[in-house]
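Welcome! Here is a short briefing to read alongside the sequence and the model. Have a look at both, then follow the points below.

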Amino acid sequence: MKPAAFNKLVKEKFPRAADQEKLAAVVAYATDKHAGQTRLSGDPYITHPLAVAATLIEWDMDIDSIIAGLLHDIAEDTETGLQEIETLFGKDVALLVDGVTKVSKARARRRDITTYLPETRDNLTKLLVAIGSDVRVIIVKLADRLHNLRTLEFQPLEKQLKLARESLEVFGPLADRLNMGQTRVQIEDLSFSYLAPKRYNSLKSEIDRRLGAAKTRLDQIRAEVIAKLHEEKLDFEMDGRVKSIYSLHKKLSKYTNDKGEEDLDSIYDLIALRIIVDDVTTCYLVLGLLHSMYLPLIGRIKDYIAQPKPNGYQSLHTTVQTPNGQIVEFQIRTKAMHEFAEHGLAASFHYNEQKLNEVYKTGNLAPLPENLLWIRQLQEAVAKLRSGKKVDFSALRLDLFSDRVFVYTPQGDIFDLPKGSLPLDFAYRVHSDIGNQAHSFKINGRIAKANTELKTGDVVEVITSPKTKPSFRWLNRIFTTHARSKIRQKLNQKK
(Lines give C-alpha, C1' and ligand atoms only; values in the text may rest on other atoms or scores of the structure.)
Protein backbone atom coordinates (compact mmCIF):
# COMPACT_ATOMS: atom_id res chain seq x y z
CA MET A 1 0.00 0.00 0.00
CA LYS A 2 1.22 3.49 -0.87
CA PRO A 3 1.11 6.40 1.61
CA ALA A 4 -1.54 8.28 -0.43
CA ALA A 5 -3.96 5.34 -0.31
CA PHE A 6 -3.30 4.88 3.41
CA ASN A 7 -3.94 8.55 4.14
CA LYS A 8 -7.23 8.36 2.25
CA LEU A 9 -8.30 5.37 4.37
CA VAL A 10 -7.34 7.20 7.57
CA LYS A 11 -9.50 10.19 6.62
CA GLU A 12 -12.46 7.89 5.96
CA LYS A 13 -12.16 6.01 9.24
CA PHE A 14 -10.84 8.73 11.56
CA PRO A 15 -12.79 11.99 11.11
CA ARG A 16 -11.00 13.75 14.00
CA ALA A 17 -8.16 15.95 12.78
CA ALA A 18 -6.07 15.07 15.87
CA ASP A 19 -6.17 11.35 15.00
CA GLN A 20 -5.27 12.06 11.37
CA GLU A 21 -2.32 14.19 12.40
CA LYS A 22 -1.14 11.58 14.91
CA LEU A 23 -1.17 8.79 12.33
CA ALA A 24 0.45 11.00 9.70
CA ALA A 25 3.30 11.65 12.13
CA VAL A 26 3.75 7.93 12.75
CA VAL A 27 3.78 7.23 8.99
CA ALA A 28 6.47 9.88 8.53
CA TYR A 29 8.51 8.41 11.39
CA ALA A 30 8.21 4.83 10.08
CA THR A 31 9.05 5.94 6.53
CA ASP A 32 12.20 7.63 7.78
CA LYS A 33 13.25 4.59 9.86
CA HIS A 34 12.75 2.19 6.93
CA ALA A 35 14.38 4.54 4.40
CA GLY A 36 16.54 2.64 1.94
CA GLN A 37 15.00 -0.74 2.77
CA THR A 38 13.09 -2.66 0.09
CA ARG A 39 11.04 -5.83 -0.03
CA LEU A 40 11.82 -8.73 -2.37
CA SER A 41 9.13 -7.35 -4.69
CA GLY A 42 11.25 -4.24 -5.14
CA ASP A 43 8.70 -2.04 -3.33
CA PRO A 44 9.87 0.31 -0.58
CA TYR A 45 9.68 -1.52 2.76
CA ILE A 46 7.23 1.03 4.17
CA THR A 47 4.51 -0.46 1.93
CA HIS A 48 4.39 -3.49 4.26
CA PRO A 49 3.70 -1.71 7.60
CA LEU A 50 1.25 0.56 5.75
CA ALA A 51 -0.63 -2.53 4.51
CA VAL A 52 -0.62 -4.08 8.01
CA ALA A 53 -1.96 -0.86 9.56
CA ALA A 54 -4.60 -0.57 6.82
CA THR A 55 -5.83 -4.07 7.65
CA LEU A 56 -6.07 -3.14 11.33
CA ILE A 57 -8.09 -0.07 10.37
CA GLU A 58 -10.46 -2.25 8.33
CA TRP A 59 -10.85 -4.46 11.40
CA ASP A 60 -11.85 -1.37 13.42
CA MET A 61 -8.96 -1.73 15.83
CA ASP A 62 -8.01 1.06 18.21
CA ILE A 63 -5.45 3.70 17.27
CA ASP A 64 -2.66 2.23 19.45
CA SER A 65 -2.93 -1.08 17.56
CA ILE A 66 -2.76 0.75 14.24
CA ILE A 67 0.33 2.67 15.35
CA ALA A 68 1.88 -0.63 16.48
CA GLY A 69 1.12 -2.03 13.03
CA LEU A 70 3.03 0.86 11.46
CA LEU A 71 5.98 0.34 13.81
CA HIS A 72 5.95 -3.45 14.28
CA ASP A 73 9.19 -4.13 12.38
CA ILE A 74 11.19 -1.11 13.54
CA ALA A 75 12.61 -2.65 16.73
CA GLU A 76 13.73 -5.75 14.84
CA ASP A 77 14.87 -4.29 11.50
CA THR A 78 16.39 -0.95 12.51
CA GLU A 79 18.64 0.42 15.24
CA THR A 80 15.67 2.01 17.01
CA GLY A 81 15.11 0.92 20.61
CA LEU A 82 11.82 0.36 22.40
CA GLN A 83 12.60 3.21 24.77
CA GLU A 84 12.49 5.66 21.88
CA ILE A 85 9.16 4.24 20.70
CA GLU A 86 7.75 4.53 24.23
CA THR A 87 8.96 8.13 24.58
CA LEU A 88 7.42 9.17 21.26
CA PHE A 89 4.25 7.10 21.11
CA GLY A 90 3.49 5.86 24.62
CA LYS A 91 3.96 2.78 26.76
CA ASP A 92 1.02 0.82 25.29
CA VAL A 93 2.38 1.12 21.75
CA ALA A 94 5.86 0.10 22.92
CA LEU A 95 4.42 -2.97 24.68
CA LEU A 96 2.56 -4.01 21.53
CA VAL A 97 5.62 -3.56 19.31
CA ASP A 98 7.71 -5.51 21.81
CA GLY A 99 5.08 -8.26 21.92
CA VAL A 100 4.94 -8.67 18.13
CA THR A 101 8.75 -8.74 18.01
CA LYS A 102 8.87 -11.47 20.68
CA VAL A 103 6.33 -13.59 18.80
CA SER A 104 8.51 -13.30 15.69
CA LYS A 105 11.66 -14.26 17.59
CA ALA A 106 10.01 -17.20 19.34
CA ARG A 107 8.76 -18.40 15.97
CA ALA A 108 12.10 -17.94 14.22
CA ARG A 109 14.04 -19.99 16.79
CA ARG A 110 11.93 -23.11 16.69
CA ARG A 111 13.25 -26.04 14.67
CA ASP A 112 10.04 -27.10 12.95
CA ILE A 113 6.31 -26.49 12.89
CA THR A 114 5.57 -29.03 15.64
CA THR A 115 7.44 -26.93 18.18
CA TYR A 116 5.82 -23.57 17.52
CA LEU A 117 4.89 -23.63 21.18
CA PRO A 118 8.27 -25.08 22.13
CA GLU A 119 9.01 -27.15 25.18
CA THR A 120 11.97 -24.97 26.09
CA ARG A 121 11.19 -22.45 28.80
CA ASP A 122 12.97 -19.56 27.09
CA ASN A 123 11.00 -19.52 23.84
CA LEU A 124 7.64 -20.31 25.38
CA THR A 125 8.14 -17.66 28.03
CA LYS A 126 8.68 -15.06 25.34
CA LEU A 127 5.63 -16.22 23.40
CA LEU A 128 3.37 -16.29 26.47
CA VAL A 129 4.47 -12.91 27.75
CA ALA A 130 4.05 -11.41 24.28
CA ILE A 131 0.52 -12.71 23.76
CA GLY A 132 -0.66 -12.91 27.36
CA SER A 133 0.25 -9.34 28.22
CA ASP A 134 -2.08 -7.92 25.60
CA VAL A 135 -4.14 -9.98 23.17
CA ARG A 136 -3.90 -7.20 20.60
CA VAL A 137 -0.43 -8.62 19.90
CA ILE A 138 -2.12 -11.61 18.24
CA ILE A 139 -4.27 -9.38 16.08
CA VAL A 140 -1.37 -7.21 14.90
CA LYS A 141 0.61 -10.38 14.15
CA LEU A 142 -2.30 -11.83 12.14
CA ALA A 143 -2.49 -8.65 10.05
CA ASP A 144 1.28 -8.88 9.51
CA ARG A 145 1.08 -12.53 8.46
CA LEU A 146 -1.88 -11.90 6.14
CA HIS A 147 0.06 -9.31 4.13
CA ASN A 148 3.13 -11.54 4.01
CA LEU A 149 0.98 -14.29 2.52
CA ARG A 150 -0.48 -11.91 -0.04
CA THR A 151 3.06 -11.12 -1.22
CA LEU A 152 4.46 -14.64 -0.83
CA GLU A 153 5.05 -15.00 -4.58
CA PHE A 154 8.26 -12.98 -4.28
CA GLN A 155 9.84 -15.40 -1.78
CA PRO A 156 11.98 -18.40 -2.87
CA LEU A 157 10.10 -21.71 -3.06
CA GLU A 158 11.50 -23.12 0.19
CA LYS A 159 10.43 -20.00 2.11
CA GLN A 160 7.01 -20.08 0.45
CA LEU A 161 6.36 -23.63 1.63
CA LYS A 162 7.68 -22.95 5.13
CA LEU A 163 5.56 -19.82 5.68
CA ALA A 164 2.49 -21.38 4.08
CA ARG A 165 2.68 -24.50 6.25
CA GLU A 166 3.25 -22.46 9.38
CA SER A 167 0.34 -20.18 8.51
CA LEU A 168 -1.99 -23.11 7.87
CA GLU A 169 -1.07 -24.96 11.05
CA VAL A 170 -0.60 -22.07 13.49
CA PHE A 171 -1.99 -18.74 12.36
CA GLY A 172 -5.16 -20.16 10.79
CA PRO A 173 -6.11 -21.93 14.06
CA LEU A 174 -5.24 -18.78 16.03
CA ALA A 175 -7.58 -16.71 13.86
CA ASP A 176 -10.24 -19.38 14.34
CA ARG A 177 -9.84 -19.33 18.13
CA LEU A 178 -10.41 -15.57 17.98
CA ASN A 179 -13.46 -16.19 15.73
CA MET A 180 -11.89 -14.03 13.02
CA GLY A 181 -13.60 -16.08 10.32
CA GLN A 182 -12.78 -13.89 7.35
CA THR A 183 -9.11 -13.76 8.33
CA ARG A 184 -8.98 -17.51 8.90
CA VAL A 185 -10.40 -18.20 5.43
CA GLN A 186 -7.93 -15.85 3.77
CA ILE A 187 -4.95 -17.35 5.63
CA GLU A 188 -6.04 -20.93 4.87
CA ASP A 189 -6.78 -20.43 1.18
CA LEU A 190 -3.62 -18.41 0.50
CA SER A 191 -1.49 -21.01 2.31
CA PHE A 192 -3.21 -23.94 0.61
CA SER A 193 -2.65 -22.40 -2.83
CA TYR A 194 1.13 -22.69 -2.25
CA LEU A 195 1.17 -26.04 -0.47
CA ALA A 196 -1.08 -27.89 -2.95
CA PRO A 197 -1.45 -25.69 -6.07
CA LYS A 198 -2.92 -28.42 -8.32
CA ARG A 199 -5.54 -29.41 -5.75
CA TYR A 200 -6.31 -25.76 -5.03
CA ASN A 201 -6.83 -24.88 -8.71
CA SER A 202 -8.88 -28.02 -9.33
CA LEU A 203 -11.30 -27.25 -6.49
CA LYS A 204 -11.47 -23.59 -7.45
CA SER A 205 -12.41 -24.49 -11.02
CA GLU A 206 -15.09 -26.91 -9.79
CA ILE A 207 -16.56 -24.28 -7.45
CA ASP A 208 -16.63 -21.69 -10.25
CA ARG A 209 -18.33 -24.19 -12.58
CA ARG A 210 -21.00 -25.05 -10.05
CA LEU A 211 -21.56 -21.42 -9.18
CA GLY A 212 -22.26 -20.63 -12.81
CA ALA A 213 -24.66 -23.56 -13.15
CA ALA A 214 -26.53 -22.75 -9.93
CA LYS A 215 -26.78 -18.97 -10.35
CA THR A 216 -30.19 -18.90 -12.05
CA ARG A 217 -31.76 -21.30 -9.54
CA LEU A 218 -30.24 -19.46 -6.58
CA ASP A 219 -31.45 -16.10 -7.89
CA GLN A 220 -34.98 -17.51 -8.04
CA ILE A 221 -34.80 -18.83 -4.46
CA ARG A 222 -33.33 -15.54 -3.27
CA ALA A 223 -36.19 -13.63 -4.90
CA GLU A 224 -38.78 -15.94 -3.29
CA VAL A 225 -37.29 -15.48 0.18
CA ILE A 226 -36.94 -11.71 -0.21
CA ALA A 227 -40.60 -11.48 -1.25
CA LYS A 228 -41.68 -13.56 1.76
CA LEU A 229 -39.66 -11.49 4.25
CA HIS A 230 -40.98 -8.25 2.76
CA GLU A 231 -44.50 -9.66 3.04
CA GLU A 232 -43.84 -10.15 6.77
CA LYS A 233 -42.55 -6.54 6.94
CA LEU A 234 -39.14 -7.61 8.29
CA ASP A 235 -35.97 -5.54 8.12
CA PHE A 236 -33.09 -7.65 6.82
CA GLU A 237 -30.00 -7.86 4.66
CA MET A 238 -29.27 -10.81 2.39
CA ASP A 239 -26.10 -11.98 0.72
CA GLY A 240 -24.39 -15.18 -0.36
CA ARG A 241 -21.42 -17.14 0.97
CA VAL A 242 -19.30 -19.58 -1.03
CA LYS A 243 -17.44 -22.25 0.94
CA SER A 244 -13.70 -21.60 1.08
CA ILE A 245 -11.45 -23.86 -0.99
CA TYR A 246 -9.48 -25.22 1.97
CA SER A 247 -12.67 -25.90 3.97
CA LEU A 248 -14.07 -27.79 0.98
CA HIS A 249 -10.82 -29.77 0.69
CA LYS A 250 -11.05 -30.84 4.34
CA LYS A 251 -14.75 -31.68 4.16
CA LEU A 252 -14.44 -33.78 0.99
CA SER A 253 -12.29 -36.30 2.88
CA LYS A 254 -15.46 -37.29 4.76
CA TYR A 255 -17.70 -37.65 1.70
CA THR A 256 -17.15 -40.47 -0.80
CA ASN A 257 -19.46 -42.33 -3.19
CA ASP A 258 -19.83 -46.09 -3.68
CA LYS A 259 -16.63 -46.16 -5.74
CA GLY A 260 -14.63 -44.51 -2.97
CA GLU A 261 -14.36 -41.27 -4.95
CA GLU A 262 -14.90 -37.83 -3.45
CA ASP A 263 -18.57 -36.88 -3.72
CA LEU A 264 -18.92 -33.14 -4.14
CA ASP A 265 -22.68 -33.51 -4.67
CA SER A 266 -23.00 -34.44 -0.98
CA ILE A 267 -21.61 -31.07 0.15
CA TYR A 268 -24.83 -29.11 0.66
CA ASP A 269 -23.22 -25.99 2.08
CA LEU A 270 -21.00 -25.25 -0.91
CA ILE A 271 -23.13 -22.16 -1.44
CA ALA A 272 -25.15 -20.60 1.38
CA LEU A 273 -27.57 -17.70 1.48
CA ARG A 274 -27.10 -15.50 4.53
CA ILE A 275 -29.89 -13.47 6.13
CA ILE A 276 -28.93 -10.76 8.62
CA VAL A 277 -31.59 -9.27 10.91
CA ASP A 278 -31.79 -6.94 13.92
CA ASP A 279 -32.44 -9.30 16.84
CA VAL A 280 -32.47 -12.91 18.00
CA THR A 281 -36.28 -13.19 17.99
CA THR A 282 -36.34 -12.32 14.30
CA CYS A 283 -33.67 -14.97 13.63
CA TYR A 284 -36.02 -17.69 14.84
CA LEU A 285 -38.97 -16.10 13.04
CA VAL A 286 -37.04 -16.20 9.74
CA LEU A 287 -36.10 -19.84 10.41
CA GLY A 288 -39.78 -20.70 10.79
CA LEU A 289 -40.68 -18.84 7.60
CA LEU A 290 -38.03 -20.71 5.60
CA HIS A 291 -39.33 -24.04 6.90
CA SER A 292 -42.85 -23.03 5.89
CA MET A 293 -41.62 -22.36 2.35
CA TYR A 294 -39.26 -25.29 1.84
CA LEU A 295 -38.69 -28.79 3.23
CA PRO A 296 -36.02 -28.75 5.98
CA LEU A 297 -33.58 -31.65 5.89
CA ILE A 298 -33.59 -33.62 9.14
CA GLY A 299 -30.30 -33.37 10.99
CA ARG A 300 -29.24 -30.28 9.05
CA ILE A 301 -30.72 -27.69 11.43
CA LYS A 302 -28.03 -26.26 13.70
CA ASP A 303 -28.70 -23.73 16.45
CA TYR A 304 -25.39 -22.02 17.14
CA ILE A 305 -27.23 -19.18 18.87
CA ALA A 306 -28.42 -21.29 21.79
CA GLN A 307 -25.19 -23.31 21.68
CA PRO A 308 -22.36 -21.22 20.20
CA LYS A 309 -19.26 -22.79 18.69
CA PRO A 310 -16.16 -22.93 20.91
CA ASN A 311 -14.83 -19.69 19.40
CA GLY A 312 -18.08 -17.83 20.14
CA TYR A 313 -19.59 -18.06 16.64
CA GLN A 314 -23.37 -17.66 16.68
CA SER A 315 -25.85 -18.25 13.85
CA LEU A 316 -28.77 -20.44 12.83
CA HIS A 317 -28.03 -22.89 10.01
CA THR A 318 -30.63 -24.83 8.10
CA THR A 319 -30.52 -26.83 4.86
CA VAL A 320 -33.75 -27.01 2.86
CA GLN A 321 -35.01 -28.64 -0.33
CA THR A 322 -37.12 -26.59 -2.74
CA PRO A 323 -40.07 -28.05 -4.69
CA ASN A 324 -37.85 -28.46 -7.78
CA GLY A 325 -35.28 -30.47 -5.80
CA GLN A 326 -32.70 -27.74 -5.26
CA ILE A 327 -30.86 -28.08 -1.91
CA VAL A 328 -29.78 -24.80 -0.29
CA GLU A 329 -28.23 -23.87 3.05
CA PHE A 330 -29.36 -20.71 4.86
CA GLN A 331 -27.49 -18.93 7.65
CA ILE A 332 -29.49 -16.55 9.84
CA ARG A 333 -27.88 -14.18 12.35
CA THR A 334 -28.06 -10.71 13.85
CA LYS A 335 -25.85 -7.84 12.70
CA ALA A 336 -23.77 -8.12 15.86
CA MET A 337 -23.32 -11.87 15.31
CA HIS A 338 -22.31 -11.27 11.70
CA GLU A 339 -19.73 -8.65 12.65
CA PHE A 340 -18.30 -11.00 15.27
CA ALA A 341 -18.30 -13.91 12.79
CA GLU A 342 -16.27 -11.87 10.33
CA HIS A 343 -13.84 -10.08 12.65
CA GLY A 344 -14.12 -11.91 15.99
CA LEU A 345 -12.01 -10.53 18.81
CA ALA A 346 -11.10 -7.46 16.77
CA ALA A 347 -14.79 -6.57 16.64
CA SER A 348 -15.72 -7.44 20.21
CA PHE A 349 -13.04 -5.77 22.31
CA HIS A 350 -13.00 -2.01 22.88
CA TYR A 351 -9.46 -1.40 23.95
CA ASN A 352 -9.88 2.32 24.42
CA GLU A 353 -12.20 1.55 27.32
CA GLN A 354 -10.23 -1.28 28.93
CA LYS A 355 -6.85 -2.48 27.71
CA LEU A 356 -5.89 -5.95 28.77
CA ASN A 357 -2.35 -4.92 29.62
CA GLU A 358 -3.83 -2.80 32.42
CA VAL A 359 -4.50 -6.14 34.08
CA TYR A 360 -0.92 -6.20 35.28
CA LYS A 361 -0.98 -2.65 36.61
CA THR A 362 -3.77 -3.56 39.04
CA GLY A 363 -3.00 -7.23 39.56
CA ASN A 364 -6.59 -8.12 38.64
CA LEU A 365 -7.56 -10.17 35.62
CA ALA A 366 -10.04 -8.41 33.36
CA PRO A 367 -13.39 -10.14 32.72
CA LEU A 368 -13.56 -12.00 29.42
CA PRO A 369 -16.43 -13.50 27.41
CA GLU A 370 -16.94 -17.23 28.01
CA ASN A 371 -15.62 -18.17 24.57
CA LEU A 372 -12.36 -16.27 25.12
CA LEU A 373 -11.38 -17.71 28.49
CA TRP A 374 -8.47 -19.50 26.82
CA ILE A 375 -6.84 -16.05 26.80
CA ARG A 376 -7.22 -16.08 30.58
CA GLN A 377 -5.05 -19.22 30.58
CA LEU A 378 -2.34 -17.22 28.84
CA GLN A 379 -2.70 -14.39 31.31
CA GLU A 380 -2.47 -16.75 34.28
CA ALA A 381 0.57 -18.47 32.76
CA VAL A 382 2.27 -15.10 32.27
CA ALA A 383 1.57 -14.15 35.89
CA LYS A 384 3.17 -17.42 37.04
CA LEU A 385 6.22 -16.96 34.86
CA ARG A 386 6.73 -13.43 36.13
CA SER A 387 6.58 -14.59 39.73
CA GLY A 388 9.12 -17.36 39.08
CA LYS A 389 6.65 -20.25 39.20
CA LYS A 390 6.67 -23.21 36.82
CA VAL A 391 4.22 -23.69 33.95
CA ASP A 392 3.23 -27.09 32.53
CA PHE A 393 4.17 -26.33 28.92
CA SER A 394 2.90 -29.53 27.31
CA ALA A 395 -0.50 -29.34 29.01
CA LEU A 396 -0.83 -25.67 28.15
CA ARG A 397 -0.22 -26.41 24.49
CA LEU A 398 -2.97 -29.04 24.59
CA ASP A 399 -5.36 -26.59 26.21
CA LEU A 400 -4.78 -23.85 23.64
CA PHE A 401 -4.80 -25.80 20.39
CA SER A 402 -7.04 -28.79 21.08
CA ASP A 403 -10.62 -29.06 19.90
CA ARG A 404 -13.25 -27.87 22.34
CA VAL A 405 -16.36 -29.40 23.92
CA PHE A 406 -19.42 -27.68 25.39
CA VAL A 407 -20.63 -29.03 28.73
CA TYR A 408 -23.66 -27.91 30.75
CA THR A 409 -24.52 -27.61 34.42
CA PRO A 410 -27.93 -28.97 35.51
CA GLN A 411 -29.06 -25.31 35.62
CA GLY A 412 -28.23 -24.86 31.93
CA ASP A 413 -25.01 -22.86 32.25
CA ILE A 414 -22.55 -23.71 29.49
CA PHE A 415 -18.78 -24.20 29.85
CA ASP A 416 -16.12 -24.48 27.16
CA LEU A 417 -13.37 -27.09 27.79
CA PRO A 418 -10.59 -28.70 25.74
CA LYS A 419 -11.51 -32.04 24.15
CA GLY A 420 -10.26 -34.77 26.48
CA SER A 421 -11.43 -33.03 29.64
CA LEU A 422 -12.71 -35.13 32.57
CA PRO A 423 -15.38 -34.40 35.22
CA LEU A 424 -12.86 -32.98 37.67
CA ASP A 425 -11.68 -30.52 35.00
CA PHE A 426 -15.28 -29.37 34.70
CA ALA A 427 -15.60 -29.01 38.48
CA TYR A 428 -12.57 -26.72 38.67
CA ARG A 429 -13.77 -24.86 35.61
CA VAL A 430 -17.03 -24.01 37.42
CA HIS A 431 -15.29 -22.88 40.62
CA SER A 432 -12.18 -23.77 42.60
CA ASP A 433 -14.21 -24.52 45.74
CA ILE A 434 -16.43 -26.95 43.84
CA GLY A 435 -13.35 -28.67 42.44
CA ASN A 436 -11.68 -28.92 45.83
CA GLN A 437 -14.77 -30.55 47.36
CA ALA A 438 -15.76 -32.75 44.40
CA HIS A 439 -16.83 -36.11 45.83
CA SER A 440 -18.54 -37.75 42.84
CA PHE A 441 -20.12 -36.93 39.49
CA LYS A 442 -23.27 -37.47 37.47
CA ILE A 443 -23.23 -37.20 33.68
CA ASN A 444 -26.63 -36.92 32.02
CA GLY A 445 -28.28 -38.00 35.27
CA ARG A 446 -26.16 -41.12 35.86
CA ILE A 447 -23.27 -41.69 38.25
CA ALA A 448 -20.04 -41.51 36.23
CA LYS A 449 -16.43 -42.46 36.86
CA ALA A 450 -13.83 -39.73 37.31
CA ASN A 451 -12.00 -40.86 34.15
CA THR A 452 -15.04 -40.42 31.88
CA GLU A 453 -14.16 -38.17 28.94
CA LEU A 454 -16.70 -35.39 28.51
CA LYS A 455 -18.56 -34.87 25.23
CA THR A 456 -20.33 -31.85 23.82
CA GLY A 457 -23.88 -31.68 25.17
CA ASP A 458 -23.15 -33.58 28.40
CA VAL A 459 -24.93 -32.31 31.51
CA VAL A 460 -22.51 -32.70 34.41
CA GLU A 461 -23.47 -32.52 38.06
CA VAL A 462 -20.72 -32.27 40.68
CA ILE A 463 -21.65 -33.78 44.04
CA THR A 464 -19.58 -32.07 46.73
CA SER A 465 -18.69 -32.90 50.30
CA PRO A 466 -16.95 -30.62 52.83
CA LYS A 467 -14.94 -33.65 53.96
CA THR A 468 -13.41 -34.15 50.51
CA LYS A 469 -9.90 -32.77 49.99
CA PRO A 470 -7.60 -32.84 46.94
CA SER A 471 -4.87 -35.48 46.93
CA PHE A 472 -1.95 -36.28 44.64
CA ARG A 473 -4.09 -39.04 43.06
CA TRP A 474 -6.30 -36.30 41.63
CA LEU A 475 -3.49 -35.26 39.29
CA ASN A 476 -4.18 -38.47 37.34
CA ARG A 477 -7.88 -37.62 37.00
CA ILE A 478 -7.56 -34.33 35.13
CA PHE A 479 -6.63 -33.09 31.67
CA THR A 480 -6.46 -29.28 31.80
CA THR A 481 -3.70 -26.98 32.98
CA HIS A 482 -6.25 -24.97 34.94
CA ALA A 483 -7.36 -27.91 37.11
CA ARG A 484 -3.76 -29.05 37.60
CA SER A 485 -2.67 -25.63 38.86
CA LYS A 486 -5.63 -25.39 41.27
CA ILE A 487 -4.95 -28.86 42.71
CA ARG A 488 -1.23 -28.15 43.16
CA GLN A 489 -2.08 -24.83 44.79
CA LYS A 490 -4.30 -26.61 47.31
CA LEU A 491 -1.74 -29.34 47.93
CA ASN A 492 0.94 -26.73 48.59
CA GLN A 493 -1.35 -25.04 51.10
CA LYS A 494 -1.74 -28.35 52.94
CA LYS A 495 2.04 -28.71 53.09
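## A first look

D60 is partly exposed, with a relative accessible area of 48%. Here buried means under 20% relative accessible area, exposed means over 50%, and partly exposed lies in between (1.4 Å probe, protein chains only). This is a predicted model, in which local features need pLDDT of at least 70 and side-chain atom pairs count only at pLDDT 80 or more, while totals for chains, interfaces and linings use all residues. Residues are numbered from 1 along each chain as its sequence is written, and side-chain values use heavy atoms, with hydrogens and water left out.

**Around D60**

- D60 sits in the loop between α3 and α4 (63–71); helices (H or I, at least four residues) and strands (E, at least two) are DSSP runs, numbered from the N terminus.
- The phi angle of D60 is near 60°, which is a positive value in a residue other than glycine.
- W59 is found in the loop between α3 and α4 too, and W59 is buried, with a relative accessible area of 3%.
- Between the C-alpha atoms of W59 and E339 there are 9.9 Å, although these two residues are 280 residues apart along the chain.

**A patch of negative charge**

- D60 also belongs to a surface patch of negative charge, where it gathers with E12, E58 and E339.
- Patches are made of residues with over 30% relative accessible area and no salt bridge; like charges are joined within 9 Å, and nonpolar side chains (Val, Leu, Ile, Met, Phe, Trp, Tyr) within 5 Å.
- For charge, Lys and Arg count as positive and Asp and Glu as negative, while His and the chain ends are not counted.
- The place of a charge is taken as NZ of Lys, CZ of Arg, CG of Asp or CD of Glu.
- Accessible areas come from the Shrake-Rupley method with a 1.4 Å probe, and for residues only the protein chains shown count as cover.
- E58 lies in helix α3 (residues 47–58) and counts as partly exposed because its relative accessibility is 39%.

- Helix α3 is largely enclosed by the rest of the structure, because 11 of its 12 residues are buried.
- The buried residues of α3 include T47, H48, P49 and L50.
- I57 is in helix α3 as well, and I57 is buried at a relative accessible area of 2%.
- At 1.5 Å a residue, the 12 residues of α3 should span 16 Å, and its end C-alpha atoms are 16 Å apart, which agrees; the expected span is 1.5 Å times one less than the number of residues.
- Helix α20 (residues 423–430) is mostly covered, with 7 of its 8 residues buried; among them are P423, L424 and F426.

**Salt bridges**

- A salt bridge is a side-chain nitrogen of Lys or Arg within 4 Å of a carboxyl oxygen of Asp or Glu, and by this rule the count comes to 11 salt bridges.
- R16 pairs with D19 in a salt bridge, where the closest N and O atoms are 2.9 Å apart.
- In that pair, R16 is partly exposed at a relative accessible area of 49%, whereas D19 is buried at 16%.
- D239 and R274 form a salt bridge with their closest N and O atoms 4.0 Å apart.
- D239 lies in strand β1 (residues 237–242) and R274 in strand β2 (residues 271–277), so this pair ties together parts that are 35 residues apart in sequence.
- D239 counts as partly exposed at 27% relative accessibility, while R274 is buried at a relative accessible area of 8%.
- R300 and E329 meet through their side chains in a salt bridge (3.9 Å, N to O).
- This pair links distant parts of the chain, with R300 in the loop between β3 (295–296) and β4 (302–303) and E329 in strand β6 (residues 327–334), 29 residues apart.
- Both R300 and E329 are buried.

**Another positive phi**

- N444 has a phi near 55°, a positive value in a residue other than glycine.
- N444 is placed in the loop between β9 (438–443) and β10 (446–448), and N444 is partly exposed, with a relative accessible area of 45%.
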